[in-house]
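Subject: Structure handover

Hello,

I am passing on the structure we spoke about. Please look it over first; my notes on what was found follow below.

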Amino acid sequence: MKKKIHIYTDGSSKGNPGPGGYGIFIEIFFGHFYNRKIISEGFRYTTNNRMELLSVIVGLEKIKNKKQNIIVFTDSKYIVNTVQNRWIYKWEKNNFHNKKNVDLWKRFLYLFYQHFVIFHWIKSHNDHYINDYCDRLSVEASKKKTLKIDYIYENI
C-alpha cells in the first residue's frame with residue numbers, strides 16, 4: 001500500500017520585501033496509520049513569493065522516500081500557475097533567464113522530479129482551517145526575535 005501525502009504550505013512577508021516566514025503542515029497516511037509534521041521558519045528580509053516557494057521546497061525535502069504521490073495545497077498562484085501551465089520547463093530550458101528566485105526554482109525542480117506531485121490551489125483567507133493555520137505559522141515565524149538570513153536574496 002502506497003503512502004498518501006498531503007503538504008499544506010503558506011508563506012508571508014511584511015513589507016514585501018521585509019521580515020517573512022513560512023508555515024507547513026504535512027499529513028502522511030499509510031493504511032490505518034497517520035502522521036503529521038508541522039514546520040515553520042522566519043527570515044529577516046525576504047519576499048512573499050520566496051517564502052511561498054520555500055515552504056513547498058522544505059515540505060518536499062521532508063519526504064525522504066522517493067517516487068511518492070504528493071498533493072501540495074497552496075494559496076500561491078505564482079507556484080500553481082508556473083507548474084500547471086508548464087512554464088517551469090521553459091524556464092529551465094532557458095536556464096531561468098530573467099526570472100526571479102532562480103536559486104529556489106532550481107532547488108524545487110530537483111525535488112519535483114523525485115516524486116509525483118500534484119498542486120491544488122486554495123483561496124487564501126477563505127476559512128480553510130489548515131491553510132489558515134499555515135498562514136498563522138508563517139506570520140508568527142516572521143515575528144520571532146531570531147530570524148534566519150536569506151543569504152541569496154540579501155546578497156550577503
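This is a predicted model: local features need pLDDT of at least 70, side-chain atom pairs count only at pLDDT 80 or more; totals for chains, interfaces and linings use all residues.

Salt bridges

R107 forms a salt bridge with E61, with 3.0 Å between the closest N and O atoms. R107 belongs to helix α4 (residues 102-112) and E61 to helix α1, so this pair ties together parts that are 46 residues apart in sequence. E61 is also partly exposed, at 29% relative accessibility.

The structure has 4 salt bridges. In another of them, the side chains of D150 and R50 meet at 2.7 Å, N to O. This pair also links distant parts of the chain: D150 sits in the loop between α5 (129-142) and α6, R50 sits in helix α1, and 100 residues separate them. Are these two partners buried or exposed? D150 is buried, with a relative accessible area of 8%, and R50 counts as buried at 3%. Both values are under 20%, the limit for buried, so both residues fall in that class. R50 and D150 are also part of a network of salt bridges that includes D103.

A further salt bridge joins the side chains of R44 and E154 (2.9 Å, N to O). Here strand β3 (residues 33-46), which holds R44, is linked to helix α6 (residues 151-154), which holds E154; the two residues are 110 apart. R44 is partly exposed, at 38% relative accessibility.

Nonpolar cores

The largest nonpolar core has 32 residues, and I7, F108 and F119 touch the most other members. Helix α1 (residues 48-61) gives the largest share of this core, 7 residues. Apart from this core lies another, of 6 residues, including Y8, F73, I122 and I130.

What does F119 contact, beyond its neighbours within four places in sequence? The list is V56, V72, T74, I79, V80, V83, Q84, F108 and F112.

Strand pairing

Strand β4 (residues 69-74) pairs with strand β1 (residues 4-13) in the parallel sense, over 4 bridges. I7, one of the core residues named above, has V72 in β4 as its bridge partner. β4 also pairs with strand β5 (residues 116-121), again in the parallel sense, over 6 bridges. There, I70 has V117 in β5 as its bridge partner.

Regards

Methods:
Residues are numbered from 1 along each chain as its sequence is written. Side-chain values use heavy atoms; hydrogens and water are left out. A nonpolar core is a set of buried Ala, Val, Leu, Ile, Met, Phe, Trp, Tyr and Cys residues joined through side-chain atoms within 4.5 Å. Buried means under 20% relative accessible area, exposed over 50%, partly exposed in between (1.4 Å probe, protein chains only). Contact means heavy atoms within 4.5 Å. Two strands pair if DSSP finds at least two bridges between them.
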